[in-house]
Amino acid sequence: MSAVLSEWKTDLFTQMKEHEQVVFCNDEKTGLQAIIAIHNTTLGPALGGCRMQPYPTMEAALVDVLRLSKGMTYKCIAADVDFGGGKAVIIGDPRHKTPELFRAFGQFVESLNGRFYTGTDMGTTPDDFVHAMKETNCIVGVPEAYGGSGDSSVPTALGVIYGLQATSHVLWGSDELSGKTYAIQGLGKVGYKVAEQLLDQGADLYVCDINVSAVEAIVAHAKKVGGSVKVVKGADIYRVEADVFVPCAFGNVVNDDTMEQLKVKAIVGSANNQLLDGSYGKQLRDKGILYAPDYIVNAGGLIQVADELYGPNKARVLNKTKAIYTTLLEIYRQAENEQITTVEAANRFCEQRLEMRSRRNHFFTHKKRPKWDVRW
Ligand SMILES: NC(=O)C1=CN([C@@H]2O[C@H](COP(=O)(O)OP(=O)(O)OC[C@H]3O[C@@H](n4cnc5c(N)ncnc54)[C@H](O)[C@@H]3O)[C@@H](O)[C@H]2O)C=CC1
Ligand SMILES: O=C(O)CCC(=O)C(=O)O
């Protein structure tokens with residue numbers, strides 16, 4: 001074997017050493033270039049959204065999908081959902097997506113024979129997956145018109161609100177969200193709904209988004225309900241004098257640059273992988289910033305799309321999403337009692353549960369348990 005080949009193999013397998021499977025998908029005709037990563041199927045087939053982004057390099061896409069899929073394993077365990085962790089990324093500009101691209105992606109998902117279920121994430125919408133559904137049944141977050149549970153960002157936003165209430169309870173002794181100031185980064189599917197609910201409950205906001213129409217819409221909503229919204233540009237969102245930073249756009253927002261700027265008392269948001277790495281949990285703690293682990297807070301969408309396999313039921317989803325409040329309080333309590341970071345407390349909570357489950361059953365194959373045959 002040539003030295004180059006052996007180096008490449010070692011590097012790739014080293015990078016995916018915690019993962020079960022990584023699939024590179026290429027379809028020249030549609031221009032599809034995608035990566036599907038399956039982290040762990042102890043609890044069931046892998047589940048996770050599909051993100052579309054113009055990654056600068058294949059390496060950047062790989063790093064993202066590996067981290068995101070691992071996060072899904074933890075999110076499924078914490079939310080008590082019988083799925084494993086997976087995620088997909090399509091390398092490309094969402095402005096140039098086509099139905100054919102999503103049909104090609106659907107064929108690759110189908111080729112995994114029930115080991116991976118997917119749906120929307122950043123840069124994709126439920127309508128994109130209507131095309132993918134023509135090729136595979138392993139799609140979740142299906143629009144209501146097609147018999148699914150609809151937009152998963154609704155329960156995700158609700159989960160963020162529960163996370164904010166639990167945090168408020170710990171910091172200020174009350175679940176009340178009014179009278180506090182929130183700095184929201186990203187007014188997309190989740191962030192906009194969080195912003196609307198906060199305004200409706202009498203909170204003050206700083207907001208930022210590169211999408212001008214979303215900013216204009218929230219300013220108009222604030223006018224209607226008599227609320228206060230200050231619009232800030234780009235990185236200014238990290239510097240504002242707010243009580244809570246609510247990241248709802250992209251990951252890695254807690255890093256060396258922002259750590260120095262943040263003046264908030266807590267961070268609670270929907271974005272996946274908010275910390276550049278786990279060590280920032282300690283830096284936040286040292287700085288007196290209470291961090292709500294992202295995968296605990298943003299599980300509402302996962303809860304809804306996982307529930308869909310039993311047939312959509314809003315009451316069931318609502319009940320499970322409410323549990324985010326108590327799970328987060330428990331994580332805060334364990335971190336305080338054991339003098340560890342909230343990241344360590346959340347990871348420990350999940351790893352202990354996973355260890356217990358892995359003793360009972362391991363490695364999902366489609367025919368092993370009938371539950372996932374619902375839409376097979
Ligand atoms: N949709 C869901 O149910 C879930 C979403 N998440 C995570 O929450 C985050 C947001 O998700 P969605 O709202 O679904 O995505 P989205 O694509 O609908 O919204 C993202 C928003 O961020 C804005 N944005 C992009 N770059 C920006 C920048 N530099 N500064 C400010 N704003 C910027 C975009 O214009 C867009 O409005 C993502 O990290 C996603 O992975 C996590 C769990 C579930
Ligand atoms: O919300 C979804 O549609 C799927 C779950 C997911 O990918 C996530 O929670 O990041």
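Begin with the second largest pocket, whose volume is about 600 Å³. A pocket is an open set of points on a 1 Å grid where a 1.4 Å probe fits, with protein on both sides within 12 Å along at least five of seven lines, and lining residues have an atom within 4 Å of a point. Select Arg67, Lys70, Gly71, Asn273 and Asn347, which of the 27 lining residues are the closest to the pocket's centre. This is a predicted model, in which local features need pLDDT of at least 70 and side-chain atom pairs count only at pLDDT 80 or more, while totals for linings use all residues. Residues are numbered from 1 along each chain as its sequence is written.

Next, colour helix H2 (58-78), a DSSP run of H or I with at least four residues, because H2 gives the largest share of this lining, 9 residues. By class, the lining holds 11 nonpolar, 9 polar and 7 charged residues, with Gly counted as polar. Now show domain 1 (14-69 + 85-145) and domain 2 (152-355): both give residues to the lining, so the second largest pocket lies between them.

Move on to helix H11 (residues 300-307) and helix H12 (residues 314-338), whose axes, lines fitted to C-alpha atoms, come within 9 Å and cross at roughly 150°. That makes H11 roughly antiparallel to H12, a label for angles over 145 degrees.

Finally, select helix H5 (residues 153-172) and helix H6 (residues 189-200), which pack at about 50° with their axes 8 Å apart. That makes H5 oblique to H6.

Notes: Chains are lettered from A and ligands numbered from 1 in the order in which they are written. Side-chain values use heavy atoms; hydrogens and water are left out. Grid points are joined across faces, edges and corners, and a volume is the space filled by probe spheres set on the points. Helices (H or I, at least four residues) and strands (E, at least two) are DSSP runs, numbered from the N terminus. Domain bounds come from an automatic or database domain assignment. Axes are lines fitted to C-alpha atoms, for helices over the stretch in contact, and angles run from 0 to 180 degrees between N-to-C directions. Angles under 35 degrees count as roughly parallel, over 145 as roughly antiparallel, 65 to 115 as roughly perpendicular and the rest as oblique.
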